[in-house]
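Hi,

Here is the structure I promised to pass on.

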Amino acid sequence: MFPRNCWYVACMPSELDNDRPLGRTVCNERMVFYRDAEGRVAALEDFCPHRGAPFSLGRVTEGQLVCGYHGLVMGSDGKALSMPGQRVGPFPSIKAFPVAERYGFVWLWTGDATLADPAKIPPLHWAASPDWAYGGGLYHINCDYRLMIDNLMDLTHETYVHADSIGQKEIDETKVTTKAEGDTVITGRLMENVTAPPFWQMALRANHLDDKAPVDRWQICRFTPPSHVMIDVGVAHAGKGGFHADASHKVSSIVVDFLTPETETTMWYFWGMARNFNPKDKALTAAIREGQGKIFGQDLAVLEAQQKNLLLNPQRKLLNLNIDAGGVQSRRILDRVIAQERAGAERPAPQAA
């Protein structure tokens, strides 16, 4: 149920301690992350070949991964380097995973290592520009990552789950459009001449704009495999051009969602918001991050309850309505990608002449 030949966000650089390795499960594989002697991130399976102890319980000494059970030192290529009183040459190697550090995240390739091209990491223009600011965080959520895709590709729930921050009745009342462009699914909604909800009133004030004036509000969600959702959101004073309004009349942002499966029913959620107004205002970045963290915390509660209910009722068939089209099409793309990978893995290798 997980695409493999793709880049997932595995962790944030701030999670990597100089002295302690980081243990994390991604796509049902237990891994350990650390920085080597050159400061590069390495990822190995979390399994010492001596007695099977997790390397994540060990330590990092001068850039080397040391097992906390008997002191075996492991190289970043998965080959044992040394062990007190032992010859390690015959020791079996463990699996090493391709990793890359880019755009403020550590990316992981879980499939065929020969296909791991860092050029396939999605370009994030906002992460490479001083004209943008970013603030975000990480949640561990006890739910199938596809439930979060459904959640993000249908924002109708904002009216009910986030009534005190970004929800408003016009979200329900405005038709959503859905289309697919290759492997990308796009859903969009434009609400014209509405009152800005509390979160966007705050953003208008932060950009020195009238927060009481009617606005045109937009939500444009983009899903791309394996599980990335970027959402263009914003408001502009009504009649000024909406999404295309001049910057002097609007506030807009990109809601950043990297969904990394842990198991079939758990996930890592790397969330954040990138904005291009007042990017140097650190207090504003912190305020937005705090508000967004509360919003996504509300999603967390609903999704975990939903997952529990689904596990208790595996025989129940769920309804797909017009508002679910974005999630449905995203799942179809996931199913196709997974089927193509499986077919490629099962295809016999060509015989030598």
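Predicted model: local features only at pLDDT ≥ 70, side-chain atom pairs only at ≥ 80, totals over all residues.

Residues are numbered from 1 along each chain as its sequence is written, and side-chain values use heavy atoms, with hydrogens and water left out.

Let me start with the rings. Rings of Phe, Tyr and Trp (its six-membered ring) pair if their centres lie within 6.5 Å; planes under 30 degrees apart are stacked, over 60 edge-to-face, and the rest tilted. By this rule there are 12 aromatic pairs. One of them joins F105 and Y134 edge-to-face, at 6.1 Å centre to centre with 75 degrees between the planes. F105 belongs to strand β11 (residues 105-109) and Y134 to strand β12 (residues 133-141), so this pair ties together parts that are 29 residues apart in sequence. Helices (H or I, at least four residues) and strands (E, at least two) are DSSP runs, numbered from the N terminus.

How exposed or buried are these rings? F105 is buried at 3% relative accessible area, whereas Y134 is partly exposed at 30%. Here buried means under 20% relative accessible area, exposed over 50%, and partly exposed in between (1.4 Å probe, protein chains only). Y134 also pairs with W126: the ring centres are 5.1 Å apart and the planes at 20 degrees, so this pair is stacked. W126 is buried, at 5%. Ring pairs join F105, W107, W126, Y134 and F258 into a cluster.

Next, helix α5 (residues 282-312). Its 31 residues reach 45 Å from first C-alpha to last, close to the 45 Å expected at 1.5 Å a residue; the expected span is 1.5 Å times one less than the number of residues. Among its buried residues are L284, I288, I295, F296 and L303. The cover over the buried residues of α5 includes β12, α1 (145-153), α4 (198-206) and β17 (250-263), with contact meaning heavy atoms within 4.5 Å.

N207 is in the loop between α4 and β15 (215-224), and is buried at 16% relative accessibility. Leaving aside residues up to four places away in sequence, N207 touches A247, K250, V251, F277 and N278. Two of those names return in charge-over-ring arrangements, where NZ of Lys or CZ of Arg is within 6 Å of the ring centre and within 35 degrees of the ring normal. K250 lies over the face of F243, 5.7 Å from the ring centre, and the charged end of R275 sits over the ring of F277, also 5.7 Å from its centre.

Finally, the strands. In β14 (residues 184-194), eight of the 11 residues are buried. Strand β13 (residues 177-181) pairs with β14 in the antiparallel sense over five bridges; two strands pair if DSSP finds at least two bridges between them. T178 has T187 in β14 as its bridge partner. The two strands form a hairpin with two residues between them, and G182 in the turn has a positive phi of about 65 degrees. β14 also pairs with β15, antiparallel over eight bridges, and I186 has R222 in β15 as its bridge partner.

Best wishes
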